[in-house]
Amino acid sequence: VLAPSRPCRGRPAPASLPPASPAMAADLAVDGSSLVPLVATVVAVTVVCAMMLRRRSDADTEDRNGANGNGDKAYVSYHDLVDPKIRGDHLRFNETLHRRFAGQQFVPVRGEDGTYIAFSHATSKLVLNDHAQFSSNPFPDARLVALNTMEKADHARVLRYVHSHYTQEAIGKLDDRVQEIIERCTDALEEGEHGGDVVLWAKRIHMASSLARLGVDLLNEGSGGVAARWDWGRVDELIALNDAMVALVAPLGGIGRRHIELPAGRALPVFMGMLRSIPGTLQMFWRLGPKCAWEILRPDVTVLFPPSKPRTGVWWRPELLPLVPRYFLSLHDVLRGAQKEEGPLPGILKGVEGGDLRLAEALTLLVQLMVNMTTANALANMVFRLCTEAEAAKATAADVPRLAPDFVQEVLRLDAPLQRNPRRVAKPAEGKWAGSGLKKGDQVLVFLGAANMDPAVFDEPSSFRLDREDSQKCGLSFGSGMHYCLGSNMVKLEMRLALECLLGRFEKLELNADPQRLDDIDVGNWGFKRLQVSVSRRTNGKH
């Protein structure tokens, strides 16, 4: 077992990712004869854990109306938070919160004892800025967390390795490369590849741009040069792995579905998922070292004995478990595959080699630097508004330099790509929080999207307007305080360049199928499962 202060050692990793396989987990095989004792142990523990989880869950007895119902309840319901219909119509739910609970600081969640919602702009900002009272890490155990959920000391130590690479000036130097990526992706959109799939268009733009910021290029290898068609296979695999991790790790709706709702016999698929994870897990132990692999995986708190709240998706999506070691081995390859010295990876590697960063910390840092879903949401939301806000789109097309930034900011305000952000009460309520009813260990869901629609701050909050004052732009979409979004400059660059590309190239963008919102993944992603468009090129449009 390696000491924490030393980098994890093991077999050297290849310089680039292995070729993408058609089915990422299909090739995971197990030699059962050599693993009989381990398999028997996993079977027994999994069955026992399934029984314990169901018994520990609260009785499902609360009123299902809550804020979305027709009573005068002073609470929202557990079902309101996980209901796919509400998730798919989140802006209306945000309006309901302001109409029903105006002037209320926190709204309790019935059926989830010790869980509250903060929805006003004022309260949400106070919660986000008070890091002593509210921890950004919603989990009560000691599992490894990413940069955006680290406590102050660890956050400062890790942030210094990457902060200078994500300033507005540093991101501005990527302008040409990001524009090239957007143009290539828009070529495919125009040609109707994948049925004009905007979701894939958005995910490819951000993952490729994120890799460019890291100094890793996976697009041109083996493609015959810049003029040839790019090979998206490796990028697409990273996107799929990233999406799978979100489905596994993030508590649905901010709280997670109850274990008592698990289907009977759920222990079997969880056992099979763990069994199929063994080959990849052994590779992690070999390549990254036992201590590093254990610190990342922690099956004791993530699978076998998870906390009562918040609840992740592990027991609901156990078929994704074999992808966890594959994902972190891929991140390890990315970490070692930097092709440029000006990106953050060389500094991160030095931090690992010097003992200031643990390898596990470095890999979870890459998780955040390559997180794909929220920015893809922002890009897709922007395309949706181009299709549905005809007057604003026409005005912006007529004066792109002046109005494009306003269009981007209004998309970010009204369509916050992450609608909810969890916090945990770190200590007994005191000072300005005395009398709030909050107790240590309680969960607070900060509704960023609702805060952005607070009528006390925003005129006509449900309307898409380009003429807002500076104080009414963007809102809390990127958070506030210590954990203000590190990638905000990258998001705004991608959105601005994509908007300029779309408006400069196309006369019209139209929805060519009914869009379907994300409604079954993560804390509160506000994006699309399906968004398809058809486009009409401008006669004088530049390619």
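Student: At roughly what angle do the axes of helix 15 and helix 16 cross?

Tutor: Keep in mind that this is a predicted model. The axes of helix 15 (residues 345-354) and helix 16 (residues 359-369) cross at roughly 155° and come within 9 Å. Angles over 145 degrees count as roughly antiparallel, so helix 15 is roughly antiparallel to helix 16.

Student: Is that crossing left-handed or right-handed?

Tutor: Helix 15 and helix 16 cross in the right-handed sense.

Student: Which residues meet there?

Tutor: From helix 15, Leu 345, Ile 348 and Val 352 take part. They meet Leu 359, Ala 362, Leu 365, Leu 366 and Leu 369 in helix 16. By class, the contact of helix 15 with helix 16 has eight nonpolar residues, no polar ones and no charged ones.

Student: Which residues of helix 15 are buried?

Tutor: Leu 345, Pro 346, Ile 348, Gly 351 and Val 352 are the buried residues of helix 15.

Student: And what do those buried residues pack against?

Tutor: The buried residues of helix 15 pack against helix 9 (198-214), helix 14 and helix 16.

Student: You mentioned helix 14. How do the axes of helix 11 and helix 14 cross?

Tutor: Helix 11 (residues 267-288) and helix 14 (residues 323-336) have axes that cross at roughly 30° and come within 8 Å. Helix 11 and helix 14 are therefore roughly parallel to each other. Helix 11 passes helix 14 in a left-handed crossing.

Student: Which residues make the contact?

Tutor: Helix 11 contributes Ser 277, Gly 280, Thr 281, Gln 283, Met 284, Arg 287 and Leu 288. On the side of helix 14 are Pro 325, Phe 328, Leu 329, His 332 and Asp 333. The contact of helix 11 with helix 14 divides into five nonpolar, five polar and two charged residues.

Student: In what sense does strand 1 pair with strand 2?

Tutor: Strand 1 and strand 2 (residues 107-110) pair in the parallel sense, over two bridges. Val 76 has Val 109 in strand 2 as its bridge partner.

Student: I clicked on Thr 115. Buried or exposed?

Tutor: Thr 115 lies in strand 3. Buried means under 20% relative accessible area, so Thr 115, at 1% relative accessibility, counts as buried.

Student: What does Thr 115 touch, leaving out residues up to four places away in sequence?

Tutor: Thr 115 touches Val 107, Pro 108, Val 109, Ile 255, Lys 309 and Gln 443.

Student: Last one, for the whole protein chain. How many helices and strands are there?

Tutor: The protein chain has 21 helices and 10 strands. Of its 543 residues, 56% count as buried.

How values were computed. Residues are numbered from 1 along each chain as its sequence is written. This is a predicted model: local features need pLDDT of at least 70, side-chain atom pairs count only at pLDDT 80 or more; totals for chains, interfaces and linings use all residues. Side-chain values use heavy atoms; hydrogens and water are left out. Axes are lines fitted to C-alpha atoms, for helices over the stretch in contact, and angles run from 0 to 180 degrees between N-to-C directions. Helices (H or I, at least four residues) and strands (E, at least two) are DSSP runs, numbered from the N terminus. Angles under 35 degrees count as roughly parallel, over 145 as roughly antiparallel, 65 to 115 as roughly perpendicular and the rest as oblique. A crossing is left-handed if the near helix is turned anticlockwise from the far one by less than a right angle, and right-handed if clockwise. Contact means heavy atoms within 4.5 Å. Ala, Val, Leu, Ile, Met, Phe, Trp, Tyr, Cys and Pro count as nonpolar, Asp, Glu, Lys and Arg as charged, and the others, Gly among them, as polar. Two strands pair if DSSP finds at least two bridges between them. Buried means under 20% relative accessible area, exposed over 50%, partly exposed in between (1.4 Å probe, protein chains only).
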